There are 2 protein chains.
Amino acid sequence: MARDPKAIGVFDSGVGGLTVLARLAEQLPGESVIYLGDTARVPYGTKSAETVVRYARACAAFLCDKGIKLLVVACNTASAHALDILRTELDMPVVGVVEPGARAAIRCTRNKRVGVIGTRGTIQSDEYSRVIRSLDPAVRVFTKACPLFVPLAEEGWTDGDVPWGAAQVYLGELLACEVDTLVLGCTHYPLLRNVIGQVMGEGVALVDSAQATAAAVQETLAGIGMLRPERTGAFAQQRFFVTDAPESFARVGKRFLGRDIGAVEWVDF
Amino acid sequence: MARDPKAIGVFDSGVGGLTVLARLAEQLPGESVIYLGDTARVPYGTKSAETVVRYARACAAFLCDKGIKLLVVACNTASAHALDILRTELDMPVVGVVEPGARAAIRCTRNKRVGVIGTRGTIQSDEYSRVIRSLDPAVRVFTKACPLFVPLAEEGWTDGDVPWGAAQVYLGELLACEVDTLVLGCTHYPLLRNVIGQVMGEGVALVDSAQATAAAVQETLAGIGMLRPERTGAFAQQRFFVTDAPESFARVGKRFLGRDIGAVEWVDF
């Protein structure tokens, strides 16, 4: 018997959060998921905290209306700016991607020097540094905004001279800081993992918060007795909503999810 | 005596339209201008026609409320999708950037082979091809969407390996088409003029619709007797509004306008 047939709600500014959804589906195959990509307002990473909070509230309200049991903020910028606010305002568990990523980085580093890359909004919020320092004050955090990585990933330019050149410009100073761990602090960045890994070198571990976030969701649901057993997987469903351009979401999203997405529904709010 | 003290309204999805404003200020120094950058919803170039029309209507309504005498749609994507609709709905002249750019290209080409580059939205709309063909059916038009040029210009990466590499990927097929004229069909692209010019070679003329648009505004206002004489220039004012992040607009906009912007006001709609 399913413990709770309600779905998990996941939102992102666009397709990037599908990397989180992919890990959720692997780790929690019994759970249904409703995904919302706010493609009418994408990207969040270049916008102000106030505006991102406004958009995050609207996305959360849409998913809550669908009767979800837990909300995943699968966007680093929205997690950095809006997680505390959503946790205060919503009557359900809210899981972001920053804290799971920060915990994974702390587990990973040996020399206590961690790099974090993300959108301008995420880096300016300084949320990764704050969370990592609060968990382990001995860890030094070095951050760098890499605004071109999102459009490169969306364009599908994940290999070759252009992403390589961009990665060299952005990552040079983190290399000089001798970090041994680098947090991919944006859900788009796992698509550029090869190039980022080559520029950083083999000695630097790349932390993708998607896996850690899926684990945090599992832990949270288990903790409140709302986990749905795996054997009900046959009934688990995925639904996809976007605020603009469903066809484009399906096309680009395939690269992020690693498989066809199927039907994508357009919603306006 | 000023013939009409009302301002010209100009909107764009963000900072790009400032290249149009710069030409307007040069050519019509007697005119006041109210500029609106819809930075809360930027970019338009990746979004659907329906969504861009909705945003364009909202921007137009805001400027009309300010009592403007003419509206300039200083965004190629919004011009491509929404110009006809705004002309039908508004009780004032509306000037877009596509038709002036198309006319300039036709005047420029000798071999009747014109290239057009722009956002995915502008290129998919096929509006440049439609307008050019309607003005001169003998001209062949070759188009290419260059989605990374906008983030490159916003990031200030207008020279060096990365923009050079991107330009080579995007422009290769237009080179093969032997165009002698290339329309920079996005207001961000003039910032990449050097790199684009180097890749296309000296034999290809680059057409920037900003200058042509300013001329079209002058012609339109003169035609209806609403041009403000140059000698009142001392009283001409520029006001800047954005829907998000005024500081970032001022910082990035400086590169587009070629001078400090001054006060930028935040508006919500």
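**The open sheet of chain A**

In chain A, 6 strands form an open sheet with parallel pairing, in the order E4-E3-E1-E2-E9-E10. Strands are DSSP runs (E, at least two residues), as helices are (H or I, at least four), numbered from the N terminus; two strands pair if DSSP finds at least two bridges between them. The edge strands, pairing on one side only, are E4 (94-96) and E10 (264-266) of chain A. Neighbouring strands of this sheet are turned by 20° against each other on average, direction ignored.

This is a predicted model, in which local features need pLDDT of at least 70, side-chain atom pairs count only at pLDDT 80 or more, and totals for chains, interfaces and linings use all residues. Residues are numbered from 1 along each chain as its sequence is written, and chains are lettered from A and ligands numbered from 1 in the order in which they are written.

Val242(A) has Trp266(A) in E10(A) as its bridge partner. Helix H2 (residues 49-65) of chain A packs on the sheet and touches strands E1 (8-12), E2 (33-37) and E3 (70-73) of chain A. The direction of H2(A) makes about 150° with that of E2(A) (axes are lines fitted to C-alpha atoms, for helices over the stretch in contact, and angles run from 0 to 180 degrees between N-to-C directions).

As for the chains, 16 residues of chain A are in contact with 16 residues of chain B (C-beta atoms, placed from the backbone, within 7 Å). Helices H7 (149-155) and H8 (161-176) of chain A are the elements giving two or more residues to this side of chain A.

Note on methods
Two residues are in contact if their C-beta atoms, placed from the backbone, lie within 7 Å.
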